[in-house]
Amino acid sequence: MKIISSYSIKGGVGKTALAVNLAFAFRDAGYRTLLIDLDPQGAASFYFRIGSAEKFKMKDTKSVIDGLRRNIRESDFSGLDIIPSSLGYRHFDIQLDAMAKSRKQLRKVLEKFTPDYDVILMDCPPNITLLSENIFRASDAILVPIIPTVLSRRTFEQLLGFFRDEELPCDIIRPFFSMVQKRNKMHRELMAELPPLYPGFLKTTIPFSADVEKMGIHKMPLLAYSRAGEAARAYRALCDEILSSGCSEND
Amino acid sequence: MQNKESVRLILPGEIGPECLGDAWSLVPHHQNSSSLVFWDTFEWCLWFGKHTLYRAGETYSLCDGDQGWPGSVVCSEKAMGQRRFWEDFQTEPMRTNLEGMLGLRALTVVAEGRFSRRCDELRNGDGKIVCRLDWTVVSADRQGSAVLKRYCQVLPLRGYEDETARVVEQLTRCGAESHGDGPLQVLLSHGQKEPARYTLRPSFGLDHKTPARGAVGRILGPILDLAIRNMPGIIDDVDTEFLHDYRICLRKMRSVLSLVKDVYPREETRRMREILGDLARHTNRLRDLDVYLLARNEYRTLLPPLLRPTLDGLFDDFTAERKRELRRVVSTLRGPATRKLLHELSELISPTRNHSSSKNAELPVGPLVFQSIFKRYKKIRRLSRGIRSETPDEAIHQIRIECKKLRYLLEFFTELIPGEEMAETLKLLRRLQNRLGEFNDASVQQKSLLEYWQQKKCDGDSGMGLGGLVSILYQRQQLVRCHIVEALEEFCDNSTAGAFKNTFRLPASASAADTGQEHIP
């Protein structure tokens with residue numbers, strides 16, 4: 001089983017669009033995929049027309065596993081299951097804090113889903129909390145969408161700083177450019193500047209596209225209704241790059 | 001991902017999606033109609049292997065599912081023309097899946113029908129699919145007018161089980177039933193076919209006290225029926241297993257008559273054995289040719305690639321000879337002489353026939369057979385003492401025959417034998433018999449190839465190929481000989497002997513009183 005997170009400290013960078021379409025692409029490639037919507041905003045769940053998760057107790061690892069399992073919903077696309085978002089996840093940090101080895105609990109929980117899935121993808125909330133740290137320690141790869149802007153670069157460097165401070169492995173961080181506008185000079189300059197500085201940079205870039213925004217109207221992943229568009233092709237290429245680069249493989 | 005159990009419902013009359021009313025948002029997904037031809041073997045290998053193979057248009061699909069309900073497609077293959085054996089399929093998943101289930105058996109058409117399907121998606125208020133409905137109308141004719149049954153399969157989505165339960169409840173209120181024959185079962189029944197287990201080792205309903213003649217009669221009757229059931233398959237040349245099984249049945253009947261002695265008057269026993277011998281004898285050459293042709297690929301791979309084409313002439317000759325031989329066998333099987341022999345045999349073994357008395361007819365079969373089994377085992381033990389790596393082939397052949405007799409006795413009377421103690425011993429016997437069989441095959445094949453070589457005066461390339469093959473078979477025979485010595489040691493060691501003694505040696509009093517035969521020391 002591979003555990004992959006779609007993560008960014010900054011919101012509005014295409015994180016959820018990535019999680020939703022990548023989950024669809026993995027499923028299309030034949031991988032049994034579970035998408036966990038950890039963002040209380042629940043956008044990923046919305047794109048699959050799935051309502052909020054039922055509340056469950058989070059007093060220990062077992063109760064979290066049972067609760068998550070009970071909330072698995074099969075999407076309209078066979079081979080892809082979703083654990084929808086819940087406002088209750090906002091208390092995750094407090095619950096985790098109360099547990100022993102509070103920074104590694106999530107990995108323990110997700111390992112219980114090993115027999116059922118080939119890939120687990122997490123759409124993460126945009127912040128750095130105890131839950132985020134659990135996500136970092138649970139993931140085999142952390143995909144970080146970066147809009148080629150100064151602010152995005154700054155938050156990415158903040159993330160790297162956190163990893164260094166906490167002695168987390170920086171090589172699992174896989175940034176890539178998101179919402180790229182090729183006509184924008186600043187985008188072009190930053191896209192030339194950043195990758196040589198960070199060896200884990202993925203080559204595929206996701207273009208800014210109205211097609212992606214229309215996901216809200218269609219209430220389904222872009223790849224489910226527009227396979228030929230530039231953005232759809234980019235998500236598929238990103239999936240292929242992740243599969244071939246080995247960043248989704250277990251140790 | 002968990003496998004979800006779909007709910008299969010049989011619909012009364014013409015109820016369909018409309019019976020769900022307006023409470024549900026039903027979105028038609030797709031519909032189609034196709035004629036399906038279902039395939040299986042004489043032994044119903046696929047049915048009992050919980051699979052279904054059908055052909056729709058030019059596509060073969062192998063599905064899981066049992067009791068006549070085709071489930072999800074395991075693999076499929078586009079194909080022009082007919083497929084009879086697993087090796088006729090071209091794609092690897094199909095070949096691998098079918099090889100294990102079919103073995104040497106051929107596929108034949110078992111049913112045909114028209115399936116009109118309509119698939120709907122049931123959506124909730126958010127537009128999310130909560131379950132899928134698969135409506136199927138099964139008809140017996142290609143036009144779809146002779147409707148046999150209507151079905152609805154409710155396919156739940158994980159996490160939406162409550163909605164599925166409500167749909168099932170609603171359909172049940174409209175008269176749908178969850179129990180009944182699946183689509184394939186309905187088509188089979190329409191064609192008056194019933195899948196039945198096939199075995200060469202049926203139960204005979206014996207116990208220790210069954211009188212010996214009655215017991216042998218109960219064995220002979222079903223085995224003769226089995227032999228007769230295999231005859232149409234030989235005549236139609238469906239696959240080689242029909243002849244194989246037919247011959248085994250004849251051999252088993254012959255064996256039981258000689259292994260359980262004096263249950264019929266001597267002259268009648270002699271006549272039955274004579275008939276069985278005659279019936280089997282005229283199929284000997286055809287079986288030999290089947291064995292060679294089945295081993296064609298194996299023979300080829302024994303030789304280096306350069307020499308492989310040199311065997312083509314041999315197999316072309318065998319193929320041509322098989323055609324002639326089959327015509328001869330078929331004509332004999334269809335002829336009045338075979339009919340007469342089978343009729344006479346069936347009269348002789350009929351339980352209503354008035355036989356004159358014979359020595360062992362009324363003795364309880366248990367002690368009689370146990371004595372015979374123990375005697376066979378002791379004989380094998382005695383014969384095995386002289387076996388070395390340089391022992392002549394004939395001595396090993398003799399042990400093979402004795403093992404076969406012992407195995408038949410153990411099989412015929414398995415109901416009388418306590419299972420647990422003998423299970424391990426039977427495994428050892430099977431292992432030994434496999435080795436002895438390999439040895440015999442290698443020996444017979446060398447002889448036969450050399451005869452062919454002399455007959456055809458093969459020289460040049462084909463002579464070289466044949467020579468190579470004979471040498472390899474000889475080496476194989478020598479190798480197997482060593483394994484036979486090991487297997488014999490295992491089968492004749494003290495613990496196996498102890499198991500035989502505990503199970504089959506009768507107390508002196510029981511043996512003498514019950515069987516009237518001499519006590520075995």
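Let's start with a strand pair in chain B. Strands E1 and E8 of chain B, the latter covering residues 147-156, run antiparallel to each other and share five bridges. One facing pair to find on screen: B:Val7 sits opposite B:Val154 of E8(B). Keep in mind that this is a predicted model.

Now a helix beside that pair. Helix H3 of chain B, residues 161-173, packs on the sheet. H3(B) touches E1, E6 (108-123), E7 (129-139) and E8 of chain B. The direction of H3(B) makes about 155 degrees with that of E8(B).

Let's step out to the whole sheet. How many strands does it hold, and in what order? Eight strands of chain B form an open sheet. Read across, the order is E1-E8-E7-E6-E2-E3-E4-E5. The pairing is antiparallel. As a reminder, strands of a sheet pair through backbone hydrogen bonds, in a parallel or an antiparallel way.

Which strands stand at the edges of the sheet? They are E1 (7-11) and E5 (73-78) of chain B. Each has a single partner strand, so one side of each has no neighbour in the sheet. From one strand to the next, the twist averages 30 degrees.

Next, the domains. The assignment for chain B lists domain 1 at 7-190, domain 2 at 199-361 and domain 3 at 364-521. How far apart are the C-alpha centres of domain 1 and domain 2 of chain B? They lie 40 Å apart. The two domains do touch: five residues of domain 1 of chain B and five residues of domain 2 of chain B make the contact. On the domain 1 side of chain B, the contact has three nonpolar residues, one polar and one charged.

H8(B) spans residues 284-294. Which of its residues are buried? B:Leu286, B:Leu289, B:Asp290 and B:Tyr292. Why do they count as being on the same side of H8(B)? Because they cover an arc of only 165 degrees around the axis. Turn to the other side of H8(B), and B:Asn284 and B:Leu294 are exposed. What do the buried residues pack against? Helix H6 (240-259) and helix H10 (312-334) of chain B.

Last stop, the contact between chains. Nine residues of chain B are in contact with twelve residues of chain A. The chain B side has three nonpolar, three polar and three charged residues.

To recap, take two pictures with you. One is the open, antiparallel sheet of chain B, with H3(B) packed on it. The other is H8(B), with its buried residues against H6 and H10 of chain B.

How values were computed
Residues are numbered from 1 along each chain as its sequence is written. Chains are lettered from A and ligands numbered from 1 in the order in which they are written. This is a predicted model: local features need pLDDT of at least 70, side-chain atom pairs count only at pLDDT 80 or more; totals for chains, interfaces and linings use all residues. Two residues are in contact if their C-beta atoms, placed from the backbone, lie within 7 Å. Ala, Val, Leu, Ile, Met, Phe, Trp, Tyr, Cys and Pro count as nonpolar, Asp, Glu, Lys and Arg as charged, and the others, Gly among them, as polar. Two strands pair if DSSP finds at least two bridges between them. Helices (H or I, at least four residues) and strands (E, at least two) are DSSP runs, numbered from the N terminus. Axes are lines fitted to C-alpha atoms, for helices over the stretch in contact, and angles run from 0 to 180 degrees between N-to-C directions. Domain bounds come from an automatic or database domain assignment. A residue is buried if 20 or more other C-beta atoms lie within 10 Å of its own, exposed if 12 or fewer, and partly exposed in between; C-beta atoms are placed from the backbone. The arc is that of the directions from the helix axis to the C-beta atoms.
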